[in-house]
Amino acid sequence: MDFIELARRRYSSRKYKSDKVEDDKIRSILEAGRLSPSARNDQPVRVIAVRSQEGLRKLGEACNIYDAPLALIVCADRDRTWTRSYDGMKTTDIDASIVTTQMMYEATDMGLGTLWICMFKPDVIRKNFGLPENMVPVNILAVGYKDDETSKNHGVRIPMDEFVRYE
Ligand SMILES: Cc1cc2nc3c(=O)[nH]c(=O)nc-3n(C[C@H](O)[C@H](O)[C@H](O)COP(=O)(O)O)c2cc1C
């Protein structure tokens, strides 16, 4: 599918069917994430693919994933992340968000619904999934067969002339 069409079709799904996501689809989603670029090619991002009943229960203590059968916890190692020398900015969140974005669109391309989640309790994620201090849980991507047809903000975007300034 044309990328712009894919981007138009995607929306945040907050209702999922109970069907599991097939293993080959999970592998494709993860491969799309693994292929992501990262600053200096440091590749600091790691993903925890949560699909077991127990894993989903542990995740449920940290956030609402709207009963999605699969959730990808996208973490980045801040000790392995590139740092901009001019101001100390680290690309931890950026690198993790590129991985999240690529996985989100691969899932969309395969007809799956997704929800990008930042509203989670990081301390609970750390405790329940045994993350060391240097691993930052940045995003959670819920994935599954969607049981809704749109979202309240689907397609609601600022106009192009507000979005861009040419100089
Ligand atoms: C960085 C980021 C964090 C988000 N966190 C949440 C969240 O915690 N919970 C939620 O329901 N939606 C979350 N969303 C989804 C946004 O609310 C949604 O993308 C936005 O309203 C546009 O709607 P659409 O994705 O349906 O086009 C998040 C999206 C992004 C990009």
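**Close-up views of a predicted model**

**View 1. The largest nonpolar core of this predicted model has 32 residues.** Inside this core, the residues with the most contacts are Ala71, Val74, Cys75, Leu141, Ala142 and Val143. Two or more core residues come from each of strand 1 (45-50), strand 2 (70-77), helix 4 (92-109), strand 3 (113-117) and strand 4 (135-144). Zoom in on valine 143 and you will find it touching Val21, Ile29, Ala68, Leu70, Leu72, Ala107, Leu112 and Thr114, leaving aside residues up to four places away in sequence.

**View 2. Strand 4 pairs with strand 2 and with strand 3.** Here 10 of the 10 residues of strand 4 are buried, so the strand is largely enclosed by the rest of the structure. Eight bridges link strand 4 to strand 2 in the antiparallel sense, and five bridges join it to strand 3, again antiparallel. Look for leucine 141 in strand 4: leucine 72 is its bridge partner, and tryptophan 116 also stands opposite it.

**View 3. Helix 4 packs its buried residues against several neighbours.** These neighbours are helix 1 (3-9), helix 2 (23-34), strand 1, strand 2, strand 3 and strand 4. Among the buried residues are Asp95, Val99, Met103, Glu106 and Ala107. Just after the helix, glycine 111 takes a positive phi of about 85°.

**View 4. Residues gather around the ligand.**

How values were computed. Residues are numbered from 1 along each chain as its sequence is written. This is a predicted model: local features need pLDDT of at least 70, side-chain atom pairs count only at pLDDT 80 or more; totals for chains, interfaces and linings use all residues. A residue is near a molecule or strand if its C-beta atom, placed from the backbone, lies within 6 Å of it. A nonpolar core is a set of buried Ala, Val, Leu, Ile, Met, Phe, Trp, Tyr and Cys residues joined through C-beta atoms within 7 Å. A residue is buried if 20 or more other C-beta atoms lie within 10 Å of its own, exposed if 12 or fewer, and partly exposed in between; C-beta atoms are placed from the backbone. Helices (H or I, at least four residues) and strands (E, at least two) are DSSP runs, numbered from the N terminus. Two residues are in contact if their C-beta atoms, placed from the backbone, lie within 7 Å. Two strands pair if DSSP finds at least two bridges between them.
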